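The structure is shown first.

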Amino acid sequence: MTLPGHTADLVTASPGSPARAHLLHGGNLARYRAALADGVDRVARRVAIADRPFTGVSPDALAPRIAGIDLDRPLGDAGAALDELEDVYLRDAVLFHHPRYLAHLNCPVVIPALLGEAVLTAVNSSMDTWDQSAGATLVERHLIDWTAARIGLGADADGIFTSGGSQSNLQALLLAREEACLVAPTADARRELLPRLRVLTSAAGHFSVQKSAKLLGLAPDAVVTVETDPQRRMVPAAVQREIARCRREGLVVMAVVATAGTTDFGSIDPLLEIAAVAAAAGVWLHVDAAYGCGLLVSPTRRHLLDGIERADSVTVDYHKSFFQPVSSSALLVRDRRVLRYVTYHADYLNPARMVAQRIPNQVDKSLQTTRRFDALKLWLTLRVMGPDAVGALFDEVVDRAAGAWELVSEDPRFEVVTRSPLSTVVFRYLPTGPGRDLADAANLHAREALAASGAALVAGTTVDGRHFLKFTLLNPETTLDDIGYVLELIAEHASRYVHERTTADLSCQVG
């Protein structure tokens with residue numbers, strides 16, 4: 001059967017048909033090399049000519065260009081498709097490599113990792129079973145062991161690569177839930193226990209904790225946010241009080257989630273003290289180090305993670321502070337036996353007999369089945385650069401953030417929140433005089449105007465109900481001159497907004 005508007009040779013894949021020419025095999029390696037080289041050249045040219053991190057294109061302007069493409073009519077040529085791609089994607093892509101991209105936790109990437117990306121996508125290993133990923137399985141396991149050793153989890157540790165911090169946090173809380181439910185041996189007892197389970201986390205913690213609790217079938221109020229100190233770190237005494245309160249009310253704390261690098265403030269909870277509280281209460285401790293995991297290889301700041309070695313589980317995002325492409329993340333656990341809670345055996349994939357045969361199937365540890373060999377990117381990065389070099393790059397951005405904090409805090413036009421031990425600076429433009437009440441609107445406007453210009457990108461958040469701006473520094477190429485330039489742009493946009501609003505209000509009063 002032929003689809004309307006198509007010729008049969010484009011639908012079928014008989015020997016010698018045009019469709020066969022697009023498959024990677026030993027007979028068309030020249031086509032493979034040429035297509036990838038052309039793609040790499042176009043990305044390189046885009047990066048080379050970029051004078052700003054973004055074009056400022058709006059969704060309304062870009063959407064018609066993409067919607068107008070007829071996906072049922074192929075171009076038939078990789079060069080033509082790349083020409084089109086430049087118009088609908090490359091030209092307007094947000095460039096995390098640019099030194100004035102200062103918004104979210106997106107890092108520029110190192111070349112060895114890009115080499116790994118090219119290799120892993122072409123070979124296309126699937127990491128679920130050994131017979132699909134020979135060699136790759138052992139590489140991933142070795143990297144898990146290496147990371148666990150860097151954390152200090154001990155000889156019984158294990159883990160698995162994941163799609164990102166949210167998935168890692170979900171799996172960690174699933175394991176914690178199952179451990180808490182060991183006291184409920186029957187289905188009826190489990191049903192009675194689940195609504196009473198609670199998770200304690202920082203008021204500055206990641207939203208994936210709340211999302212995970214919902215996905216795990218916990219009560220709507222299962223996540224209890226714990227107060228933070230002026231540095232936005234979870235207060236250990238408050239954790240202790242909440243555990244005691246829950247017990248008095250017949251509730252069961254299944255996990256305490258500490259954060260090593262909050263998204264908004266880059267704050268690191270006092271891990272040693274929180275670990276002591278959790279251990280005394282016999283409660284699972286999870287540390288979300290998705291952002292702060294770069295400290296594991298820092299030549300100068302590893303001590304900021306002291307106490308992480310006492311966690312029951314740890315989230316790390318290599319694609320945040322190890323300069324890896326998305327996705328490259330992992331969940332580590334102190335006791336490998338808890339990973340049994342995600343183990344299911346299927347005769348067509350990983351039959352139980354393989355365990356006795358010591359066949360290493362990674363699907364036995366993962367929430368995912370089909371999964372990319374993302375570990376290869378980190379492997380090549382470590383083999384080419386070494387961990388000290390990666391850590392030195394992360395140290396650079398932390399140093400730059402310290403300089404940025406000084407720059408902002410000394411500028412009377414701005415108000416800064418707190419000093420981060422990592423690479424985040426939260427601040428806002430603060431109008432003077434009658435325009436002071438316009439601070440929230442002025443900062444919202446400045447961020448939007450800056451993005452529309454494409455000259456720089458910064459993030460935004462709310463602090464105690466007020467709108468603030470945020471620098472998230474992950475690019476060692478960013479200089480204090482870049483930061484100073486962006487501050488001037490913010491001040492210009494914000495002050496113009498305040499002037500126009502106050503002038504308009506005055507005119508209305510006079511009229």
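## Aromatic pairs

Phe427 and Phe471 are both buried (under 20% relative accessible area, 1.4 Å probe, protein chains only; exposed is over 50%, partly exposed in between). The model is predicted: local features need pLDDT of at least 70 and side-chain atom pairs pLDDT 80 or more, while totals for chains, interfaces and linings use all residues. Residues are numbered from 1 along each chain as its sequence is written, and side-chain values use heavy atoms, leaving out hydrogens and water.

The structure holds six aromatic pairs (Phe, Tyr or Trp rings, the six-membered one for Trp, with centres within 6.5 Å; stacked under 30 degrees between planes, edge-to-face over 60, tilted for the rest). One of them, Phe161 with Tyr318, is stacked, at 5.4 Å centre to centre and 25 degrees between the planes. Phe161 lies in strand S2 (residues 158-162) and Tyr318 in helix H12 (residues 318-321), so this pair ties together parts 157 residues apart in sequence. Helices (H or I, at least four residues) and strands (E, at least two) are DSSP runs, numbered from the N terminus. Both Phe161 and Tyr318 are buried. The pair of Phe427 and Phe471 is tilted, with 4.6 Å between centres and 50 degrees between planes.

Phe414, Phe427, Tyr429 and Phe471 form one aromatic cluster.

## Cysteines

Zero disulfides are found in the whole structure (a disulfide is two cysteine sulfur atoms within 2.5 Å). For Cys107, the nearest cysteine sulfur is that of Cys293, 9.7 Å away. Cys107 is buried, at 6% relative accessible area.
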